[in-house]
Amino acid sequence: MDGAELELERRSKFLSSLIQKKKAIEQQEQTECLNVKVRASDMPLALQNKAFKCARDLLDYMPGKLDSKRLALALKKEFDSTYGPAWHCIVGTSFGSYVTHSLGGFLYFSIDKVYILLFKTAVEPLDH
């Protein structure tokens, strides 16, 4: 590589790092605004943000006491319809789990004192 190509590559890497830092700051601001804490994730930021917003909206419109089953069903249906089957969702204030998930399809987070585990599994057709 000559000097100009090296300089172009250096600038490109610098700009990419700035963009990544800006996205990370925006993500942190959004999670703080929604009172979200990511516990573990193997999911793209866009899907995480969708899950956070959907969960926050559902919790805000829930009258009184937490309805874990209703929240889990709504998140599952939203992700099934938007991103295809087979999404699974566990919601509660205390639970244990150990799951196998598809690559890029795992998110464990909390909002307020509610913990949410959202994950996707592969769906394979049955051979008859």
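This is a predicted model: local features need pLDDT of at least 70, side-chain atom pairs count only at pLDDT 80 or more; totals for chains, interfaces and linings use all residues.
Figure 1. The residues of helix 3 that are buried include Leu71, Ala72, Leu75 and Phe79. Viewed down the helix axis, the buried residues lie within an arc of 100 degrees, so they line one face of helix 3. An α-helix has 3.6 residues a turn, so residues three or four places apart point the same way.

**Figure 2. The exposed face and the dimensions of helix 3.** Lys69, Lys77 and Ser81 are exposed residues on the face of helix 3 that is turned away from its buried side. Helix 3 consists of 16 residues, and the distance from its first C-alpha to its last is 22 Å, close to the 22 Å expected at 1.5 Å a residue. Gly84 follows helix 3 and has a positive phi, near 85 degrees.

**Figure 3. The largest nonpolar core.** This core contains 23 residues. Leu71, Leu75, Cys89, Val91, Phe109, Ile116 and Leu118 are the residues with the most contacts inside the core. Two or more core residues come from each of helix 2 (45–61), helix 3 (68–83), strand 2 (87–92), strand 3 (106–111) and strand 4 (114–120). Helix 2 gives the largest share, six residues.

Key: Residues are numbered from 1 along each chain as its sequence is written. Side-chain values use heavy atoms; hydrogens and water are left out. A nonpolar core is a set of buried Ala, Val, Leu, Ile, Met, Phe, Trp, Tyr and Cys residues joined through side-chain atoms within 4.5 Å. Buried means under 20% relative accessible area, exposed over 50%, partly exposed in between (1.4 Å probe, protein chains only). Helices (H or I, at least four residues) and strands (E, at least two) are DSSP runs, numbered from the N terminus. The expected span of a helix is 1.5 Å times one less than its number of residues. The arc is that of the directions from the helix axis to the C-beta atoms.
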